[in-house]
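I opened my notebook to record, entry by entry, what I looked up in one protein model. The sequence and the structure come next, and my notes follow them.

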Amino acid sequence: MILKNFIVFEGIDGAGTSTQIEILKKRPDAGRFFFTTEPTDSETGKFLRKMLKGDVELDARTSAFLFAADRNEHLYGKGGTNCGVVAKAESGKIVVSDRYLFSSLTYQSVTCGDELPRRLNESFPLPEILFFFDIDPEISLKRVLGRGETEIYEKLDFQKATAGRYRAVISEYEKMNTGMKIVRLDASKPVSEIAEIISGKLKTEN
Ligand code: TYD
């Protein structure tokens, strides 16, 4: 099922999704949008951030369950200021999320195999548009390391594995005919060029 007015940005760490969302936030018509992220700012999301920082150690499958639980809260709950996006999208806001279930199908498939993340995420709605920020992990990791503090997944081998899974998962969806529009972006291009492509796609779709 496609959730209308729902747009998702995905890519490995340092691919530039957050930068593009910051650009959208400065548009004169930014009020039409509702900007959100996963993990959310609900208690589940905050706990996941602790795991990502390495402050809490979890079995890989536990993380997969928690990311899915946080996603359910994101879609349907009131647990955080950025939760309840289904209601927001249905009320006519264009919801733009930095990460969604494709992150679980890639990152968690690397840590605990693809069966569990697939099963946990199969009933969630798909976005109307998925922007996939494709980038060489060597380039993106340099950006991440340049920011200072890093998270447990931000290591070259892991990012390479995740990049491979992203490409495979996106190709699978391209073949599936779900009705979700997929836009592949060369995320090594200049920020302004990518911003223009995104803005053009948003114009034709909304
Ligand atoms: P990120 O989106 O990069 O946020 P920030 O820039 O604030 O660090 O970090 C979220 C991390 O969580 C990223 O490494 C991907 C990971 N993640 C998963 O492993 N599974 C998921 O389902 C989601 C939503 C994120």
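Which residues line the second largest pocket? I noted before answering that this is a predicted model, and then I wrote down Met1, Leu101, Leu105, Arg118, Asn121, Glu122, Phe124, Leu126, Val169, Glu172, Tyr173 and Met176 as its lining.

Entry on the second largest pocket. I looked up the space in this pocket and found about 190 Å³. The elements that contribute two or more residues to its lining are α5, α6 (115–121) and α8 (156–176), and the largest share, 4 residues, is the part that α8 supplies. Sorting the lining by class, I recorded 8 nonpolar, 1 polar and 3 charged residues.

Entry on the largest pocket. I reminded myself that rolling a probe the size of a water molecule over the atoms shows where empty space is left. For the largest pocket I wrote down a volume of about 660 Å³. It is lined by 37 residues, and those closest to its centre are Asp13, Gly14, Ser18, Arg99 and Glu154. Two or more lining residues come from each of α1 (17–25), α2, α3, α5 (101–112), α7 (137–146) and α9 (191–205), with the largest share, 4 residues, belonging to α1.

I turned to α2 (residues 43–53) and α3 (residues 60–76), which pack at an angle of about 145° with their axes 9 Å apart, and whose crossing is left-handed. On the α2 side I listed Thr44, Gly45, Phe47, Leu48, Met51 and Leu52, and these meet Ser63, Leu66, Phe67, Ala69 and Asp70 of α3. The residues of this contact divide into 7 nonpolar, 3 polar and 1 charged.

Entry on charged pairs. Side chains of opposite charge can pair when their charged atoms come close. With a limit of 4 Å between a side-chain nitrogen of Lys or Arg and a carboxyl oxygen of Asp or Glu, the count comes to 14 salt bridges. One that I looked up joins Lys25 to Glu22, where the closest N and O atoms are 3.2 Å apart. Both residues lie in helix α1, and they are 3 residues apart, about one turn of the helix.

Entry on the backbone. Most residues other than glycine have a negative phi, and most peptide bonds are trans. The peptide bond from Glu38 to Pro39 is cis, with omega near -10°, and Pro39 lies in the loop between β2 (33–37) and α2. Arg99 has a positive phi of about 85° although it is not a glycine, and I placed Arg99 in the loop between β3 (94–98) and α5.

Key
Residues numbered from 1 in each chain as written. Predicted model: local features only at pLDDT ≥ 70, side-chain atom pairs only at ≥ 80, totals over all residues. Heavy atoms only, no water. Axes fitted to C-alpha atoms, helices over the stretch in contact; angles between N-to-C directions. Left-handed = near helix turned anticlockwise from the far one by under 90°. Contact = heavy atoms within 4.5 Å. Nonpolar A, V, L, I, M, F, W, Y, C, P; charged D, E, K, R; others polar. 1 Å grid on protein atoms, 1.4 Å probe; cavity = no way out; pocket = protein on both sides within 12 Å on 5 of 7 lines; lining within 4 Å. Points joined across faces, edges and corners; volume = space filled by probe spheres on them.
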